[in-house]
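Please walk me through the charge pairs in this model.

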Amino acid sequence: MPWIKPVKQQHMKEIRGEDEPSSLFDRLIANDPGLYEAFLPLQQAVKNTDLPDDLREAVITFVSMKNGCRYCTKSHASLLEGHTGVEGVEEWLDDYEASSMSEQWKAVLHYAERLTAKPVEVDQDSVNRLKKAGFSVREIAVINHTVAYTSYTNQLSMGLGL
């Protein structure tokens, strides 16, 4: 297709300001420089919230599992294992309600499961469970963005054949 212009690795480095090689995900989505440049601030904003790294990785891994994105599940499960020391994090997350994880994490994963599987089922009770678990309105917004962002990147990954 003549309207698609491949992005050169050098241009990606200029956009990202990095000397490291870009990931396969970045190389695939960067085929349209405008979309890639618009995507990067959102990616950085989600990464740079004050949501603890272990919880963020749990949310990303869990949502990726629910969406069936093996590429994202595999890479983030590895990161989550490093943060938590839990082996077999996919099984741990899959059975989160019966696990020994904190009630805070269970509330987050319950919310993430509803928002991922059937967003219409997310209601005030879902938000109230997060509040009762100790999350502020701002923290709930961060959790919401993390879940939604992950679903978006899962769709990008799967849609590009990863």
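What follows is a set of questions and answers on salt bridges.

The model is predicted, so local features need pLDDT of at least 70 and side-chain atom pairs count only at pLDDT 80 or more, while totals for chains, interfaces and linings use all residues. Residues are numbered from 1 along each chain as its sequence is written, and side-chain values use heavy atoms, with hydrogens and water left out.

Q: How many salt bridges does the structure hold?
A: A salt bridge is a side-chain nitrogen of Lys or Arg within 4 Å of a carboxyl oxygen of Asp or Glu. By that rule the structure holds nine.

Q: Which residue forms a salt bridge with aspartate 50?
A: Aspartate 50 sits in the loop between H3 and helix H4 (53-67). Its partner lies in helix H9, 88 residues apart. (Helices are DSSP runs of H or I, at least four residues, numbered from the N terminus.) The closest N and O atoms are 3.0 Å apart, and the partner is arginine 138.

Q: Is lysine 106 buried or exposed?
A: Lysine 106 forms a salt bridge with glutamate 103, at 3.5 Å between the closest N and O atoms. Both lie in helix H7, three residues apart. Buried means under 20% relative accessible area, exposed over 50%, partly exposed in between (1.4 Å probe, protein chains only). Glutamate 103 is exposed at 52%, whereas lysine 106, at 8%, is buried.

Q: Which residue meets arginine 129 in a salt bridge?
A: Arginine 129 lies in helix H8 (residues 124-132) and its partner in the loop between helix H6 (89-94) and helix H7 (103-117), so the pair ties together parts 32 residues apart in sequence. Arginine 129 is partly exposed at 25%. At 3.4 Å, N to O, the partner is glutamate 97.

Notes. Helices (H or I, at least four residues) and strands (E, at least two) are DSSP runs, numbered from the N terminus.
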